[in-house]
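Visitor: I have a structure open and want to learn how to read it. Where do we begin?

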Amino acid sequence: MVTPELIDALKNSRRVAAITGAGISAESGIPTFRDAQTGLWAKYDPMQLATPEAFLENPERVWNWYAWRRELLAACRPNKGHQALSRIARHIPEFQLITQNVDGLHQAAGSQDVIELHGNIQRTKCFDHGHTVEQWDAQQAPPPCPYCGSLLRPDVVWFGEMLPVQALQQAEQAAARCEVFLSIGTSGQVYPAADLAYQALASGAMVVEINAEPTPLTARAHYAFTGKAGDQLPRLLAEIWQESVPDA
Ligand code: OAD
């Protein structure tokens, strides 16, 4: 329930941080990772597709899998959850959005200064030197880097890789400084991203979770709303700021 305490906290906070995960994009038609039937990791083995070792062993398989995911994404649009979040941000003096998603849908919904902890699937870089590349020869999978000849790969964070240092630092700072921390559509299984909510708790923030099902954070959160982000975020926007998300 949206209590007067929660309304008061969100209306009067100067600093709010939010972390999102695959759940917020599910209603746009993008599969999550860990949902039992539909999650990507229920069908595919991440160790074969999302590690540097997998890429070195079979670069073509990995490249083609990400090309397929980019194709899926091309047909997807931001949903009411993304839109409500970008509207909520406008009511808060310092709102920091942190996402684990690589789909760019927050930016497409108008969110600004989004911290992308796990990279962006639309960006491509080379394996050896991280050269950012925007065009390549589509005949080869993966194509070579035009600068150094090493193989191109998506600019996403794979298992076993470091998160972008500056992005993580900014996210940790936002979590430590915020008065309210929102955790939306993430199972909280992947660290260090999952730790941000606990850092916010330790720094005294009010923690609010929105998720389709309970997670390890639920019992620690001050408020936990079980349901779809595309319903719950517009509801918060409506109940707290009397604003609605227009129909697409
Ligand atoms: P998960 O698939 O682990 O979790 C998605 C969460 O969203 C689950 O708890 C679902 O119950 C919930 N959910 C599903 N539909 C929802 C909806 N409509 N509204 C709200 N919640 C919903 O995805 P992440 O937590 O994002 O990393 O996974 C974290 C990281 O693991 C990803 O960034 C990716 C993956 O391996 C990398 O690729 C590095």
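Guide: We will go through domains, charge pairs, helix packing and backbone details in turn. Keep in mind that this is a predicted model.

Visitor: Into which domains is the protein chain divided?

Guide: Domain 1 takes in 1-29 + 77-118 + 163-247. Domain 2 takes in 31-75 + 122-156. Their C-alpha centres lie 27 Å apart. The contact draws on 13 residues from domain 1 and twelve residues from domain 2.

Visitor: How do I read the area between domain 1 and domain 2?

Guide: Start with the general idea. The size of an interface is often given as the accessible area lost when the parts come together. Here domain 1 and domain 2 bury about 870 Å² between them. Of that area, 56% is on carbon and sulfur atoms.

Visitor: Which residues of domain 1 lose the most area to domain 2?

Guide: Look at Ala22, Arg77 and Val102. Together they account for 39% of what the domain 1 side buries.

Visitor: Now charge. How many salt bridges does the count come to?

Guide: Side chains of opposite charge can pair when their charged atoms come close. The cut-off used here is a side-chain nitrogen of Lys or Arg within 4 Å of a carboxyl oxygen of Asp or Glu. By that rule there are ten salt bridges. Between domain 1 and domain 2 the count is one.

Visitor: Which side chain does Glu116 meet in a salt bridge?

Guide: Glu116 pairs with Arg123, at 3.6 Å from N to O. Glu94 and Arg14 form another salt bridge, at 3.4 Å.

Visitor: On to helices. At what angle do α1 and α11 pack?

Guide: Helix α1 covers residues 4-12, and helix α11 covers residues 229-241. They pack at about 85°, with their axes 10 Å apart. Angles from 65 to 115 degrees count as roughly perpendicular, and α1 and α11 are therefore roughly perpendicular to each other.

Visitor: Which residues make the contact of α1 with α11?

Guide: From α1, pick out Leu6, Ile7, Leu10 and Lys11. From α11, pick out Leu236, Glu239, Ile240 and Trp241. The set divides into six nonpolar, no polar and two charged residues.

Visitor: What about the backbone? Where is the peptide bond to Pro142 cis or trans, and in which loop does Pro142 lie?

Guide: The bond from Ala141 to Pro142 is cis, with omega near -5°. Pro142 lies in the loop between β5 (132-133) and β6 (152-156). The bond from Tyr191 to Pro192 is also cis, with omega near 10°. Pro192 is in the loop between β7 (180-184) and α10 (195-202).

Visitor: What is the phi of Asp113?

Guide: Positive, at about 50°, although Asp113 is not a glycine. Find Asp113 in the loop between α8 (105-108) and β3 (115-116).

Visitor: Last one. What does Met47 touch, not counting residues up to four places away in sequence?

Guide: Met47 touches Ala54 and Phe159. Met47 itself is in helix α4 (residues 46-49).

Terms used: Residues numbered from 1 in each chain as written. Predicted model: local features only at pLDDT ≥ 70, side-chain atom pairs only at ≥ 80, totals over all residues. Heavy atoms only, no water. Axes fitted to C-alpha atoms, helices over the stretch in contact; angles between N-to-C directions. Helix = DSSP H or I, 4+ residues; strand = E, 2+ residues; numbered from the N terminus. Parallel < 35°, antiparallel > 145°, perpendicular 65-115°, else oblique. Contact = heavy atoms within 4.5 Å. Nonpolar A, V, L, I, M, F, W, Y, C, P; charged D, E, K, R; others polar. Domains from an automatic or database assignment. Buried area = accessible area lost by both parts, 1.4 Å probe.
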